[in-house]
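Have a look at the model first, then read on.

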Amino acid sequence: MNYELFIAKRIIAGKEHKNSISSPIIKIAIVAITLGIAIMLIAVAVSSGFQQKIRAKIAGFKGHIQITNYDNNNSDVSTVPILLNQDFYPTFKGIEGIQKVQPYINKGGILRTPNDFQGIVFKGVNSDYDFSFFKEFLVEGKLPNYDQPRNREVLISKTIVDRLQLKLNDTLQAWFESATSTGFKMRKPVIAGIYDTGFEEFDNAIIVGDLKELQRINKWKENEVGGFEVLLDDFDTLKEKGDQVYSNIGATLNSNTIIDNYPAIFEWVKLFDNNVWFIIAIMVVIAGINMITALLVLILERVQMVGILKTLGSSNWEIQKVFLYNASYLILRGLLFGNLIGLGLLLIQKFFKIIELNPETYYVSTVPVNINMLHFVLLNLGTLVLCLVMLIIPSMIVSKIHPSKSIKFE
């Protein structure tokens with residue numbers, strides 16, 4: 001029988017434990033662990049949510065990897081065409097983890113209204129394009145219909161619609177630089193749907209329509225496009241897959257990952273990890289210090305019990321285990337309450353989006369939350385283990401207690 005655990009349970013269940021001098025200190029320690037684990041859970045979930053959302057939004061607009069002509073000079077606007085007939089399109093053979101390859105053309109232009117104008121980037125895509133990203137953020141209307149002789153329907157952001165005072169089904173005046181002269185060509189796309197991603201950098205400019213319209217404007221052939229977007233199954237493999245894609249395309253082609261194209265954004269996102277590790281370290285230290293204080297008070301409160309156990313033949317380590325079991329119970333209580341509070345607040349934010357943000361600064365309109373159960377398990381297990389490790393040395397105070405003096409200790 002594990003008598004150390006038995007004694008620890010009796011101490012926890014005893015009324016004197018609840019009314020003792022150590023009771024307020026124990027409560028403070030439990031509160032510290034509760035707040036600590038709740039803050040850590042929220043920090044990790046929010047940081048992960050930010051990273052996930054920002055990555056997904058950039059990939060939704062640009063794909064994970066872009067393949068273009070070397071002569072394009074990393075311009076966001078397609079200037080030099082490449083042939084649609086490529087070994088890697090429509091399926092990238094020989095590389096696992098690639099979800100889709102889709103062609104596109106980007107062209108800069110201007111939207112004109114009687115009272116205002118707006119610079120845009122018209123993104124032309126074909127009927128095989130993965131519209132799931134825009135479908136998620138569609139706030140009004142529908143996706144463009146490619147089952148018609150000439151598709152003039154476009155998706156436009158709510159930001160542009162509000163600025164130019166437009167509405168669904170309006171016919172736009174879009175002006176583009178002519179490919180064969182110094183003049184401009186005008187097209188009249190129709191607003192089929194309005195999206196709102198909250199990513200102002202892209203919402204301010206991008207409208208999505210038919211690739212064939214831009215082929216006509218650029219005087220390109222049907223088998224000429226501006227580039228290809230490569231979508232991956234797992235973002236964490238981006239660097240590896242980026243290198244593989246670069247090695248498996250023609251010598252006249254270039255490929256860049258979205259991290260290469262938008263380094264400032266991803267460097268900013270990386271800072272979240274540093275902040276989270278700092279918060280975790282501070283919270284664990286605070287919880288550990290409070291538990292050390294509570295443990296020392298518990299031991300000093302039961303000096304006579306320690307002396308009696310030593311007299312009966314218990315070793316120092318066996319007595320230490322009694323108090324470590326006791327401390328484990330207190331830590332687990334704190335973890336339980338902390339998980340309930342942390343998870344509750346995260347679920348409220350996830351479903352009701354109470355806390356809003358400025359999308360111009362944070363690229364999202366509300367605080368994003370990514371609830372990952374693996375993170376929860378690791379945080380709880382890590383906090384429990386680290387706190388117990390921190391308590392081992394303070395618990396060694398029992399070795400300094402002598403039975404002859406402790407039994408008559410008042």
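**Notes on cavities and pockets**

1. The second largest cavity holds about 30 Å³ of space. By cavity I mean a set of points, on a 1 Å grid over the protein atoms alone, where a 1.4 Å probe fits but cannot get out; the volume is the space filled by probe spheres set on those points, joined across faces, edges and corners. This is a predicted model, where local features need pLDDT of at least 70, side-chain atom pairs count only at pLDDT 80 or more, and totals for chains, interfaces and linings use all residues. Numbering runs from 1 along each chain as its sequence is written, and side-chain values use heavy atoms, with hydrogens and water left out.

2. What lines that second largest cavity? Gln66, Asn72, Ser75, Asp76, Val77, Ser78, Tyr104 and Asn106 do, lining residues being those with an atom within 4 Å of a point. They split into two nonpolar, five polar and one charged.

3. Searching the whole structure turns up two cavities of 30 Å³ or more. The largest has about 80 Å³, and its lining includes Phe122, Arg152, Asp210 and Leu214. Helix α7 (residues 211-218) contributes the most here, with three residues. By class, this lining has six nonpolar, one polar and five charged residues.

4. Then there's the largest pocket, at about 510 Å³; a pocket is an open set with protein on both sides within 12 Å along at least five of seven lines. Of its 21 lining residues, Arg55, Ala56, Ala59, His64 and Leu232 lie nearest the centre. The lining has seven nonpolar, seven polar and seven charged residues.

Technical notes. Nonpolar A, V, L, I, M, F, W, Y, C, P; charged D, E, K, R; others polar. Helix = DSSP H or I, 4+ residues; strand = E, 2+ residues; numbered from the N terminus.
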